[in-house]
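Here are a few exercises to work through with the model open. Try each task before reading its solution.

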Amino acid sequence: MTPTPLPATATPLPTTAAPLPSTATPCPAIADPGPEPVTACPGPGSSAPGRPVSRVSGRPVRLALCLAPVLLAAGWAMANRPLVYGGVRRLGVADPGWLLAGAGFTCLTWVAAACVRQGALPDPLPPGPLLASQFAAGAANHVLPGGLGAHAVTLRFLRRRGVPLERATASIGLYSLARSSAKAVVLLVFLAASGAWRRLGDLAPDGRPLVSLAAAVAAALATAGVLLTVVRPLRRPMAGLLRAALADARAVHTRPCRVLALWGGAVAMPLVQAGALACVGTSLGLGLPWKQVVLAHLAAGTAVGAVPAPGGLAVDAALVWTLVAFGASPSVATATVIGYRMLTDWVPLVPGALVLSSMIRAKAL
């Protein structure tokens, strides 16, 4: 006999339970390169901020960076109220035509600086943003001494343009070397072509300060050598910096356009700065020929240009002293230097700070 199959007594239950209804909106899945998708919703106890929170938290920092140059410029102007008032009062009776010519020479200063910056780097830079960065660097120089403000702005600009840190730093070193070397050559040429160098000899210090200066330079070089020899973590970055500097210097000097921009701009920069000083002196009746004014500017800037003082205050004091030694009246020489500083630094200070703030906001710096 064939056995009769037993009838099914129950329907098999599903292996998984039905999902409970939920009022929460399902979280959308975010594409992830990993093997499993990641949901965008954090857990109930998670406090990780999302993207909008990070943007909101970063706005005060960016706003502070944008307003800091303007506030520093305003504070500097308030701290130097007597100088600003005296310069404005003196310039009120000056010849406006010569002051306009001095403003033209001041604009050429930024053009020459941009040329030297481009000539110190093999990579092409956009002319407009480069010129704007050099205009903004003038405002930064009033905050940090010794030209460090301009170098910091330029370094940040080059980094934003994709230049590596070593090559950007090497270009700043080549820029400084070209400027100082060209200025010394121009000074020697003016000393050889002018008979006023005898008056500068009376202003030169005796041997004791020169010996002290030479000893300080030798001590600084010896300290740097000892640090590079003893501190091993400094060797690798310095070696990389030197390699980048030598490679870029060779690459720059194989291109005639870069050589012309580097050395032509370095020679033109002290000449246009001295031209602005001569225009201000002529507008105030300084009574000195332009050759002596240019020589005074070159001598004062070379003698104390390395003194770390913001805004060129040490150069201004030496410049007044040199102009008086050439035969100018002390009051007119002081007014000339105040007018020159006001035309080249104080008047462009607020616009330069605004350009600096706008470049920071646009993330160009």
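**Exercise 1.** Find which helix holds Arg-160, then work out how exposed Arg-160 is.

*Solution.* Start with the helix: Arg-160 sits in H5, residues 148-160 (helices are DSSP runs of H or I, at least four residues, numbered from the N terminus). Next, accessibility: Arg-160 comes out at 42%, so it's partly exposed (buried is under 20% relative accessible area, exposed over 50%, partly exposed in between, with a 1.4 Å probe and protein chains only).

Bear in mind that this is a predicted model, where local features need pLDDT of at least 70, side-chain atom pairs count only at pLDDT 80 or more, and totals for chains, interfaces and linings use all residues. Numbering runs from 1 along each chain as its sequence is written, and side-chain values use heavy atoms, leaving out hydrogens and water.

**Exercise 2.** Trace the salt bridges of Arg-341.

*Solution.* Step one: Arg-341 pairs with Asp-316, closest N and O atoms 2.5 Å apart (a salt bridge is a side-chain nitrogen of Lys or Arg within 4 Å of a carboxyl oxygen of Asp or Glu). Asp-316 is in H12 and Arg-341 in H13, so this pair ties together parts 25 residues apart in sequence. Step two: Arg-341 also bridges to Asp-345, again with 2.5 Å between the closest N and O atoms. Those two are four residues apart in H13, which means about one helical turn separates them. Step three, burial: Asp-316 and Arg-341 are buried, and Asp-345 is buried too.

**Exercise 3.** How far apart in the chain are Asp-248 and Arg-167?

*Solution.* Begin with the contact: they form a salt bridge, with the closest N and O atoms 3.3 Å apart. Asp-248 belongs to H9 (residues 235-252) and Arg-167 to H6, 81 residues apart. Finally, both are buried.
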